[in-house]
Amino acid sequence: MGKNAKGSDFLYLALYAFAGFAFELLLAYVIEPLMGLSLDSMTTVQNIVHWIVTCCVWALVGWVLIRVSRKKYGFDIMEVKAKLKLPQYLGCILCIAVIFYLQYLDWGGFKPAIELARCGTLKFIFQYIYYFFETFLFSLIIIFGQRACEIWFKRENIPYGGIVLALTWGIGHILSKGSLTVGLLSALGGFLFGAAYLIVGRDYRKTLPLLFIMFAF
């Protein structure tokens with residue numbers, strides 16, 4: 001860790017990751033309407049292009065934040081390589097089961113099956129690519145939020161990153177979806193995502209696929 005790294009530095013990185021989500025709002029509600037497009041009436045191809053552009057920007061934002069974290073603050077999110085033990089595997093299974101149950105209640109069924117029936121195969125594939133990059137970006141909110149609070153509070157066994165994600169991503173869903181229920185479920189999911197990061201020992205190679213499974217399925 002760089003000598004000058006402060007908790008606020010990592011909180012800013014987390015907030016920059018959260019701000020990256022705002023690009024899709026700008027794209028959907030400013031840029032695309034100027035082009036005569038609307039999310040409600042897009043064709044499959046137009047929707048896929050929307051997702052591709054969004055994913056490219058999110059990937060760029062995430063790459064820049066990871067690079068800044070490593071080069072400026074000496075914090076490499078890929079540095080930790082944890083070997084999981086049985087209790088950790090059980091913890092992962094528990095997180096997946098809880099989030100699956102919440103998703104099932106929210107969607108009224110198995111989410112991927114419902115989306116496949118609604119979207120069709122091609123659109124479904126690109127939507128889940130979109131979900132992967134969404135997972136990538138919100139995972140950075142967790143990691144940087146976790147590091148910020150650990151510096152401040154000197155404790156490493158509390159899922160601070162999940163709390164930061166719940167307060168940002170969850171509130172963002174309330175505002176963007178116009179639903180308190182969706183926002184609260186997103187906030188609860190965010191907390192579970194933060195717990196999952198700690199369960200796998202902060203190993204990002206394991207964190208990202210685990211969070212994707214929890215979020216997308």
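Residues are numbered from 1 along each chain as its sequence is written, and side-chain values use heavy atoms, with hydrogens and water left out. Because the model is predicted, local features need pLDDT of at least 70 and side-chain atom pairs count only at pLDDT 80 or more, while totals for chains, interfaces and linings use all residues.

A pair of aromatic rings is described by the distance of the centres and the angle of the planes. The structure holds 20 aromatic pairs, counted for rings of Phe, Tyr and Trp (its six-membered ring) whose centres lie within 6.5 Å; planes under 30 degrees apart count as stacked, over 60 as edge-to-face and the rest as tilted. One of the pairs is formed by Trp-51 and Tyr-130, which is tilted, at 5.9 Å centre to centre and 35° between the planes. Trp-51 belongs to helix α3 (residues 44–73) and Tyr-130 to helix α6 (residues 121–153), so this pair ties together parts that are 79 residues apart in sequence. Both Trp-51 and Tyr-130 are buried. In another pair, the ring centres of Phe-212 and Phe-217 are 5.8 Å apart and the planes are at 90°, so the pair is edge-to-face. Phe-212 counts as buried at 17% relative accessibility, whereas Phe-217 is partly exposed at 32%.

Lys-111 lies over the faces of two rings. The distance from the ring centre is 4.4 Å for Tyr-131 and 5.0 Å for Phe-215. A charge sits over a ring if NZ of Lys or CZ of Arg is within 6 Å of the ring centre and within 35 degrees of the ring normal.

Side chains of opposite charge can pair when their charged atoms come close. With a salt bridge taken as a side-chain nitrogen of Lys or Arg within 4 Å of a carboxyl oxygen of Asp or Glu, the count comes to five. One of them joins Arg-118 and Glu-115 at 3.5 Å, N to O. These two residues lie three residues apart in helix α5 (residues 111–119), about one turn of the helix. Arg-118 is exposed, at 54% relative accessibility, while Glu-115 is buried, at 0%.

Glu-150 takes part in a salt bridge with Arg-147, the closest N and O atoms being 3.4 Å apart. Glu-150 and Arg-147 are three residues apart in helix α6, so about one helical turn separates them, and both are buried. A salt bridge also forms between Glu-150 and Arg-202, at 2.3 Å, N to O. This pair links distant parts of the chain, with Glu-150 in helix α6 and Arg-202 in the loop between α8 and α9, 52 residues apart. The relative accessible area of Glu-150 is 7%. Through shared partners, Arg-147, Glu-150 and Arg-202 are joined into one network. Arg-202 also has a positive phi, near 65°, in a residue other than glycine.

A positive phi is likewise found at Lys-154, about 60°, although this residue is not a glycine. Lys-154 lies in the loop between α6 and α7 and is exposed, with a relative accessible area of 68%.

Val-30 lies in helix α2 (residues 22–34) and is partly exposed, at 40% relative accessibility. Glu-24 also lies in helix α2, but counts as buried at 16% relative accessibility.

How values were computed. Helix = DSSP H or I, 4+ residues; strand = E, 2+ residues; numbered from the N terminus. Buried < 20%, exposed > 50% of the residue type's maximum accessible area, 1.4 Å probe, protein only.
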